[in-house]
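Dear colleague,

Please find below a structure that I am passing on to you. A short account of the findings follows it.

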Amino acid sequence: MISENVALNPLDPKDLIHTFGMIGVWAILFAETGLLVGFFFPGDSLLFLAGVAASPVADAIFGDGTRLSLAGLMIGGPICAIAGAQLGHWLGARYGRRMFDKPNSRLFKREYVAKAEHYFQKFGPAKAVVLARFIPIVRTFLNPVAGVLGMPARQFFVWNVVGAVLWVDGILLIGYLLARQIYDAIGDKIDRYILPVVALIILISVLPIFFEFLRDRRARKRGEAVAVIAAATAAGAVDAARDAVDGDDHPHGHGGQHRR
């Protein structure tokens, strides 16, 4: 047991599930969303493999006695993710920007905070809290950023719950429902294919953000076009008014000379 724990790779979701089981999944969901040092944990791949580990083929993939409870994952997982995010929000509201007043290092970079703040201001508080769940690193730093920027705790809680349930239970169910097909196709070598599968999941999950960027860009272009048209119209109106004034002045001038 000691040798197994020493050989444990904390960034390998398969090792984490095999060693710590459901409690390990809960703990990492809390740490990744509530503690700034938890951003490097493999949240998406861990959830996907946890869904596989709750399926009927779990023992064949992970070894005998490693099958997890789907109900426990789908109930406890969102609760831990919600609690972690609420902690992050509270820390941000309590300590403010001085939480992030630290030099760049291998684990912390200021650009992580800047990216989270960008999403918060770009999409608005509610949408940002939900969408951030599906973006690695951002889902860790956006919670304290929301607290720093003054998002009310009750409002944050509502959208925190929505985002946590969609993210945790959504990816768990994908892993659970695809487990049999994956096992039939590749056997117990799932760790070789986990990264492409999770990359596809992340790609699908960030599509709403991509569409939001497109819609915002189109709206900005329409706004610029309307501004140009309005400016041209205003300029035309000014020129027309000036011509009208000049036209009124000239006839009177000619008339006065004619009368003289």
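Which hand does the crossing of H6 and H7 have? The crossing of these helices, H6 and H7, is right-handed. Please note that this is a predicted model.

Helix H6 covers residues 110–123 and helix H7 residues 125–132; their axes come within 6 Å and cross at roughly 135°. This angle makes H6 oblique to H7. On the H6 side, the contact is made by Tyr119, Phe120 and Phe123, while H7 contributes Pro125, Lys127, Ala128 and Leu131. By class, the residues of this contact of H6 with H7 are six nonpolar, no polar and one charged.

H7 is mostly covered, with six of its eight residues buried. The buried residues of H7 are Ala126, Ala128, Val129, Val130, Leu131 and Ala132.

A second pair involves helix H5 (residues 70–95) and helix H8 (residues 138–148). At 1.5 Å a residue, the 26 residues of H5 should span 38 Å, and the end C-alpha atoms are 37 Å apart, which agrees. H5 is followed by Gly96, which has a positive phi near 70°.

H5 and H8 pack at an angle of about 40°, and their axes are 6 Å apart. The two helices H5 and H8 are therefore oblique to each other, and their crossing is right-handed. In this contact, Ala85, Gly88, His89, Gly92 and Ala93 of H5 meet Asn143, Pro144, Ala146, Gly147 and Val148 of H8. The contact of H5 with H8 holds five nonpolar, five polar and no charged residues.

Yours sincerely

Key:
Residues numbered from 1 in each chain as written. Predicted model: local features only at pLDDT ≥ 70, side-chain atom pairs only at ≥ 80, totals over all residues. Heavy atoms only, no water. Helix = DSSP H or I, 4+ residues; strand = E, 2+ residues; numbered from the N terminus. Expected span 1.5 Å × (residues − 1). Axes fitted to C-alpha atoms, helices over the stretch in contact; angles between N-to-C directions. Parallel < 35°, antiparallel > 145°, perpendicular 65-115°, else oblique. Left-handed = near helix turned anticlockwise from the far one by under 90°. Contact = heavy atoms within 4.5 Å. Nonpolar A, V, L, I, M, F, W, Y, C, P; charged D, E, K, R; others polar. Buried < 20%, exposed > 50% of the residue type's maximum accessible area, 1.4 Å probe, protein only.
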